[in-house]
Amino acid sequence: MTAAIIDGKAIAAGILDDVAARSALLRGVDVHPVVSFIMLGDSAPALLYANRLERVARPVGIEVRRFSLPDIVSVSELERTVSTLSQDSAIDGILVQLPLPDHLSEADIGNLIDPRKDVDGITVQNAGRLYLGIPGQVPSTALAMVELLDSCGIDGTGKDAVVVGRSKIVGHPVAELLIQRNATVTVTHSQTRNLARNTLHAEILMVAAGSPHLVTGDMVRAGAIVVDAGINAQRDGIVGDVDFEAARRVASAITPVPGGVGPVTNAVLLRSVVESAERRHE
Ligand code: NDP
């Protein structure tokens, strides 16, 4: 079997067309969607991320406004910046560079951002809403991973789904979204005793571990649908957490890296910004 490739770029383009149309309507009534990005220090990956987001946002009429703070910023200093942005009626979304420097915890920022502007779903309020099944902001990568399934018409109902990774911004919310889609969900992590025994059960395999080619072809169930969020910089380019070439010989559908989850993550994030701007207008 050779798996169908799930084309994240095409799915992202469809979402961005809708974002562009909604953003144009807003600009027509003088509402200009803006997302702020708080950078902590001058890390190269954060700069790359900001540049990439800007490249996607500009053509759909969304401004990315950068705020640079030193990586040794105190919680109170960060709090001042975030609360200024939360109160600024011209700002629709607030993003904070992740992972945080060691002296800051997710709990520190989880309480600072106005939940209505928390377009990446990292606040305590939005996490609570997700787990209670109340509409709210969902972390973009997790949302992108399940929307990739939705766009391919893959119904989770009754399926065995396995998530590799349990981070608060990817693995954990993916598991929750799969439960909401009536899948039977197993969550694995670095302490899981036999990862392959679990992944081999997966009709839907969602991988977000940050470990290049952790999932090899012989860990994939025949006919599985594989969604890989991994972004790992290697000497010969970016690779995922799944060995794509080996897995595609076993799976029925698979996302490539790059060109799978990444573009859809940016698109759903920008859709959240436009939704927030629409609420501001209302
Ligand atoms: P984290 O490092 O926060 O979490 C990684 C998770 O994977 C942890 O739960 C960890 O377990 C688990 N894990 C690590 N090694 C193994 C292993 N050998 N076996 C099983 N589980 C393992 O990463 P993120 O969740 O933030 O990101 C995951 C990946 O997704 C990264 O490659 C990142 O670059 C990518 N990413 C992609 C995005 C996109 O837009 N496409 C956006 C965000 C992230 P434990 O909890 O026990 O430590």
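Me: Which polar side-chain atom lies 2.5 Å from an oxygen atom of the ligand?

Reply: That atom belongs to the side chain of Ser-167. Keep in mind that this is a predicted model. A polar contact here is a pair of N or O atoms within 3.5 Å, and the Ser-167 pair is listed at 2.5 Å. The backbone takes part too: a polar backbone atom of Ile-231 is 3.0 Å from an oxygen atom of the ligand, and one of His-189 is 3.4 Å from a ligand nitrogen atom.

Me: How much of the ligand's exposed area does the protein bury?

Reply: The ligand by itself exposes 930 Å², and the protein buries 68% of that.

Me: Which residues come nearest to the ligand, and what kinds of residue make up the shell?

Reply: Around the ligand there are 21 residues, and the nearest are Thr-141, Arg-166, Ser-167, Ser-190 and Ile-231. By kind, the shell holds 10 nonpolar residues, 10 polar ones and one charged. Helix α10 (residues 261–281) is the element that gives the most to this shell, with three residues.

Me: Now the sheet. In what order do its strands run?

Reply: Read across the open sheet and you meet six strands, β1-β11-β8-β7-β5-β6, with parallel pairing. The edges are β1 (4–5) and β6 (184–188); each has a single partner strand, so one side of each lacks a neighbour in the sheet.

Me: What should I look for in the backbone itself?

Reply: Then look for departures. The bond from Leu-98 to Pro-99 is cis, with omega near -5°, and Pro-99 lies in the loop between β4 (93–96) and α4 (106–110). The bond from Val-257 to Pro-258 is also cis, with omega near 0°; Pro-258 sits in the loop between β11 and α10.

Me: And where is Asp-30 placed?

Reply: Look in the loop between α1 (8–28) and β2 (34–40). Asp-30 has a positive phi, near 65°, although the residue is not a glycine.

How values were computed. Residues are numbered from 1 along each chain as its sequence is written. This is a predicted model: local features need pLDDT of at least 70, side-chain atom pairs count only at pLDDT 80 or more; totals for chains, interfaces and linings use all residues. Side-chain values use heavy atoms; hydrogens and water are left out. A residue is near a molecule or strand if one of its heavy atoms lies within 4 Å of it. A polar contact is a pair of N or O atoms within 3.5 Å; within protein, one must be able to donate a hydrogen and the other to accept it, and residues adjacent in sequence count only if both atoms are side-chain atoms. Accessible areas come from the Shrake-Rupley method with a 1.4 Å probe; for residues, only the protein chains shown count as cover. Helices (H or I, at least four residues) and strands (E, at least two) are DSSP runs, numbered from the N terminus. Ala, Val, Leu, Ile, Met, Phe, Trp, Tyr, Cys and Pro count as nonpolar, Asp, Glu, Lys and Arg as charged, and the others, Gly among them, as polar. Two strands pair if DSSP finds at least two bridges between them.
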